Every structure is written in C-alpha cells, then in structure tokens.
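Have the sequence and the 3D view at hand as you read.

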Amino acid sequence: MFSSRLHQSIAAAGLGGVVLLGAYFGIPIPQPPGNATSAQIADFVAHYGNFLYFGGWLQITGTLLAAIFFIGLVYLAGATTRLSGLLTLFGAAVLLGTSLIEAALIIEVAQATANGHPETAVGSWDLQSVFIHVFPIGPAPLIFLAVGSLILATSLLPRVLGYVALGLGIAFEVVGVVGLFVPAAKSVVIVLLIGQEIWIAAAAIMLLRPKAPRVAAA
C-alpha cells in the first residue's frame, strides 16, 4: 500500500491545479473583441498587460499541477503498463503541451506590444482564441476517456468518478465538433471546463480517504 503522504502529495497537486486554473479563468478582465484591431489590442495591453503575464503563469502552473495529478493517478493505480494508463500519460502530455502553446501566445500579446510589434500582437491574439476549439477536440476527450477507463478498471477511486470522466470526455468531443460550426456552443465549453475542475477536486479529495487502496485486480 502506498503511503498516505504520497496520496496527499498527489491530491495537493490536483487541488492546487484547480485553484490556479480557477483563478486564471476567473480573473475579471474585459476581453477585446474577436476582430480587435492593433490599436484595440495595444489599449488592452496598456491596461491589462500585467494580467496577461500573470494569467500565463497561472495557466502553465495550474495545468502542470493537473498533469502531475493525472500522472499520479496512473502511478497509484499501478497502471503504467495498462493501455488506459499509457493513454492517460499521453493525455497529460498533450494537455500540458496545448496549455504551454496557448499561454505562450497570451504572453506574446503583451510582449509584442511592448516591443512595438502591433501586428504580431494581433496575430498572437487571433491564434490564442482558437484554443477554445482545440482543447475540447483533442486533450480533454483523450485524458478524460483514458482516466475514466483507468478508474473503472481499478479500485483507486469510486467507480462513479470513472463514469463521470467518461461522460465528460464524450461531452467535450461532441461540443468541440459542434463548436466549430455553432459559435454559441463555446458557452457550453465553459460549463464543461467548470465540470472538469469539479471532477479533479472531487477525485483529489477522494484520494485523501484513509487506507485508499493501491490497485485493482489485473
């Protein structure tokens, strides 16, 4: 059986990721329009440039902690040789890579404006805005379908969390595809992102149960 300290450390990573990503999505910054001009972006950065830098840090660090949490689940479940475990590890890598690119573009908006490159800032702003489509199509379904299958195949966490994870993975994929053609679907992505953070928090809290089992039957 793994030590409770290890469970606590992995749970802390999950809860820390929830807090930081919650702060990132919850920062009340008025966003420029999707078709913002270079002058509008420059004015936005003049007022909120520091928030862009801080937001980039929140996103990168929060996602890193979330990735560590998912990797920790695989380790605690003894599933590093299972397909579901390997896919969860792969999903954590894709999740972090996607977040790094988006955060880099957000930081570049402020950096390019400060360096006197307004067109680069506009391009970076346009590029970062597409990640609301990319995330629900690739990283989110991959990691939640994988971790859901992992939970159902082990006794690490309650099975209900596995079913909810599978539901989230399917919902992300459906909304991601629909969102490419129906702009209103973006609001549903926000709801799913909230559901994602609630799931991670719930799973992390369940890891803190006394005498949590290590592995399920092979």
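Phe-144 is buried, with a relative accessible area of 1% (buried means under 20%, exposed over 50% and partly exposed in between, with a 1.4 Å probe and protein chains only). Phe-172 is buried as well, at 0%.

Before going on, please note that this is a predicted model, where local features need pLDDT of at least 70, side-chain atom pairs count only at pLDDT 80 or more, and totals for chains, interfaces and linings use all residues. Residues are numbered from 1 along each chain as its sequence is written, and side-chain values use heavy atoms, with hydrogens and water left out.

## Aromatic pairs

A pair of aromatic rings is described by the distance of the centres and the angle of the planes. Searching the whole structure gives 11 aromatic pairs; rings of Phe, Tyr and Trp (its six-membered ring) pair if their centres lie within 6.5 Å, and planes under 30 degrees apart count as stacked, over 60 as edge-to-face and the rest as tilted. Tyr-24 and Phe-25 have ring centres 4.9 Å apart and planes at 65 degrees, so this pair is edge-to-face. Tyr-24 counts as buried, at 16% relative accessibility.

Phe-144 and Phe-172 make a stacked pair, with 6.2 Å from centre to centre and 20 degrees between the planes. Phe-144 lies in helix α6 (residues 139-153) and Phe-172 in helix α7, so the pair ties together parts that are 28 residues apart in sequence. Helices here are DSSP runs (H or I, at least four residues), numbered from the N terminus. Phe-144 and Phe-172 also belong to one aromatic cluster with Phe-69, Phe-70, Phe-135 and Trp-199.

## Pocket and cavity

The largest pocket holds about 1100 Å³ of space. On a 1 Å grid over the protein atoms alone, a pocket is an open set of points with protein on both sides within 12 Å along at least five of seven lines, whereas a cavity is a set of points where a 1.4 Å probe fits but cannot get out; lining residues have an atom within 4 Å of a point. Volumes are the space filled by probe spheres set on the points, which are joined across faces, edges and corners. Of the 41 residues lining the largest pocket, Tyr-24, Phe-25, Glu-102, Gln-128 and Ile-190 lie nearest its centre. Two or more lining residues come from each of α1 (4-26), α2 (38-76), α3 (83-114), α4 (118-128), α5, α6 and α8.

How many cavities of 30 Å³ or more does a search of the whole structure find? There is one, and the largest cavity has a volume of about 30 Å³. Among its lining residues are Ile-132, His-133, Val-175, Gly-176 and Lys-186. Helices α5 (131-137), α7 and α8 each supply at least two residues of this lining.

## A nonpolar surface patch

Ile-137, Leu-145, Ile-170, Val-174, Val-177, Val-178, Leu-180, Phe-181 and Val-182 form a nonpolar patch on the surface, with about 770 Å² of accessible area together. Such a patch joins nonpolar side chains (Val, Leu, Ile, Met, Phe, Trp, Tyr) within 5 Å, from residues with over 30% relative accessible area and no salt bridge. Helix α7 (residues 159-179) gives the most to the patch, with four residues.

Is Phe-181 buried or exposed? Phe-181 is exposed, with a relative accessible area of 67%, and sits in the loop between α7 and α8 (186-207).

Conventions: Patches are made of residues with over 30% relative accessible area and no salt bridge: like charges are joined within 9 Å, nonpolar side chains (Val, Leu, Ile, Met, Phe, Trp, Tyr) within 5 Å. Accessible areas come from the Shrake-Rupley method with a 1.4 Å probe; for residues, only the protein chains shown count as cover. A salt bridge is a side-chain nitrogen of Lys or Arg within 4 Å of a carboxyl oxygen of Asp or Glu.
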